[in-house]
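Subject: Structure handover

Hello,

Please find the structure below, with notes on the findings after it.

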Amino acid sequence: MQSIRNNVGVFLSFSGPTFIWLLLFFVVPLGIVWLYSFGENVSLTEIETTWTLDNYRRMLEPEILELMGRSVWLAFASTVICLLVGFPMALVIATASPNAKPWLLLLIMLPFWTNLLIRTYALLNILGTRGRLNDLLRWMYEKADAFLNTIGLGNYALLGDGFTPLKLLGTQTGVIYGIVYVSLPFAILPIYSSLERMDKSLLEASMDLGASQWQTAKNVLIPLAMPGVITAAIITFIPALGQFLTPDLLGRGQVDMIANVIERQFKRANDWPFGSAISLTLLYVTFMILAIRSFNDAARAKRAGRR
Amino acid sequence: MPFFGKDKKAGPFDYSRKWSLRTVFALGAVFLYAPIVVLVIFSFNNSRRGGNIIWKGFTTKYYEKAFGNEELMLAFANSLTIAIASTIISVFLGALTAIVLWRFRFPLKPAYEGLVSLPIVIPEICMGVSLAMFFSKMGMMQTGDSVWPFNLTNIIIAHITFSFPFAAMVIRTRLQSFNREMEEAAKDLGANEFQVFKDILLPHMKPGLIAGALLAFTLSLDDFVITFFTSGPNTVTFPVKIYSMVRFSVTPEINAASTILIILTLFLTFIALRYQRMDSTS
């Protein structure tokens, strides 16, 4: 690590281009959003910044509050499912043989590299009323029904009158399915890397001291993997909250999330100031989550230092 | 299962050998792959309407149709052009950023680091919206009417902005394994600052630069949301075109087009992996 004192020229020529780029194409655009969020439409194409708070006040309308609540709930539910499914999957990869590990990781990463739109589009075929998931459920229903008939319980209609396909497109379940589908690899990788770094002898020590397999998992394995789980939760939750494609394609306009309403302000409603205010609110929520996380990390580091 | 090896006795922490966990993993893999596999299968479905519901026999005519669809092919060419242009600049900016953060101590460094990583963490939709407003305020939304490939400038700028921080991250990781003594030795032998950079540092960075480039390329090819906001009505990329096709109606042609993109991605991944393996053995 060098001090810049002796190399001001080198430092400026290396940091300059990036700094200017970010200023011009990142900071200034966000600044415009910020200014517009206090603005009003004066004509069809013109927006004037009048420092009105109306756009933020409109965020308190019941419709928008409901939308926010729904988005947070959908993102939260998807995150929880991702963690519950991702943890055992990460555990399998972390403890697999050295030969198998890169292949298992590749298996998880490949879908992640496939285009997000294509993956979401692919779900349309799976989740439709006449889609593949319902085909599978129908098949299972028929097998179960046949089984009940053979053991002589066929006349009690234990499984209902007949197979009713699940309605997934245009429902919250379908959207959660979609978000879990696109974010599962995000959730697995950080958990995997924290499990991978873990000192395995701690697990053995726990067993030697008489803890059962389950106690060891609960009191040693999971707490040690916690930093990875938290990272996984954050990098699943933040993009999930801002998801546009999943609710758009799988929600069919019935299950809108924040991003869909933002998009409508820009493309159809032509209400940029309100769209800006919603975007910034989403941005502030993101910052809040990250801030809590870094305070938490600092506190953890301090505790560790004291020990 | 030769993958996991049966030769040794499974210890209590060989979680990968527990059947319960293996089942969860296998189901997870099916969950991740089934939609893609079904999509590819149905791209060969010989059915005109509602192509995704009932299998009606094998055909490759939808590939011919996709390849013959001029708008789709133009969108594909646009996507590749954007990806190539944004990758080159992203790797350049990413390398500069990585070197600055790795090499120098300077005031407000944490703030600079934070600023560079912001495009990674902020929601896509916010970035799309802000760039759309910026371009329209600068009068750059009309670039859609200028000559190809200059009509893609907006999208290229947007793609660079979100992908170079990723490239910087990858390159910086690579730099951390650089042995500073090499640099000192070169200087002792009379090399100047530029020669050290060109002959010592750059060759060491090469795998990082390639990994960063592949990441930037994939990110650019993959992006829908930000492109959707920053593209004018006349500049369409592959994902944006597919999106408008999906909104219109679901046809096997979309499956065929998607399959083409999936194969391209697989191919790129394959190259990346091969390159990494070559790098680790040398």
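What share of the 307 residues of chain A count as buried? The figure is 40%. Please bear in mind that this is a predicted model, and that the values here are computed from it.

Chain A on its own: the secondary structure consists of twelve helices and three strands. Its radius of gyration is 25 Å, whereas a compact globule of 307 residues would have one near 19 Å. Along the principal axes, the C-alpha atoms of chain A fill a box of roughly 80 × 60 × 35 Å. Among the contacts in chain A with a separation of 6 or more, 70% are between residues 24 or more positions apart.

Next, the interface. On the chain A side, 68 residues are in contact with 66 residues of chain B. Helix 1 of chain A, residues 8–36, supplies the largest share of the side that touches chain B, with 15 residues. By residue class, that side of chain A holds 50 nonpolar residues, 14 polar and four charged.

The two chains also pair through strands. Strand 1 of chain A (residues 2–3) runs parallel to strand 1 of chain B (residues 104–105), and the pairing has two bridges. Within strand 1 of chain B, the residue opposite A:Ser3 is B:Arg105.

Regards

Note on methods: Residues are numbered from 1 along each chain as its sequence is written. Chains are lettered from A and ligands numbered from 1 in the order in which they are written. This is a predicted model: local features need pLDDT of at least 70, side-chain atom pairs count only at pLDDT 80 or more; totals for chains, interfaces and linings use all residues. Two residues are in contact if their C-beta atoms, placed from the backbone, lie within 7 Å. Helices (H or I, at least four residues) and strands (E, at least two) are DSSP runs, numbered from the N terminus. Ala, Val, Leu, Ile, Met, Phe, Trp, Tyr, Cys and Pro count as nonpolar, Asp, Glu, Lys and Arg as charged, and the others, Gly among them, as polar. Two strands pair if DSSP finds at least two bridges between them. The radius of gyration is taken over C-alpha atoms; the globule rule is 2.2 Å times the number of residues to the power 0.38. A residue is buried if 20 or more other C-beta atoms lie within 10 Å of its own, exposed if 12 or fewer, and partly exposed in between; C-beta atoms are placed from the backbone.
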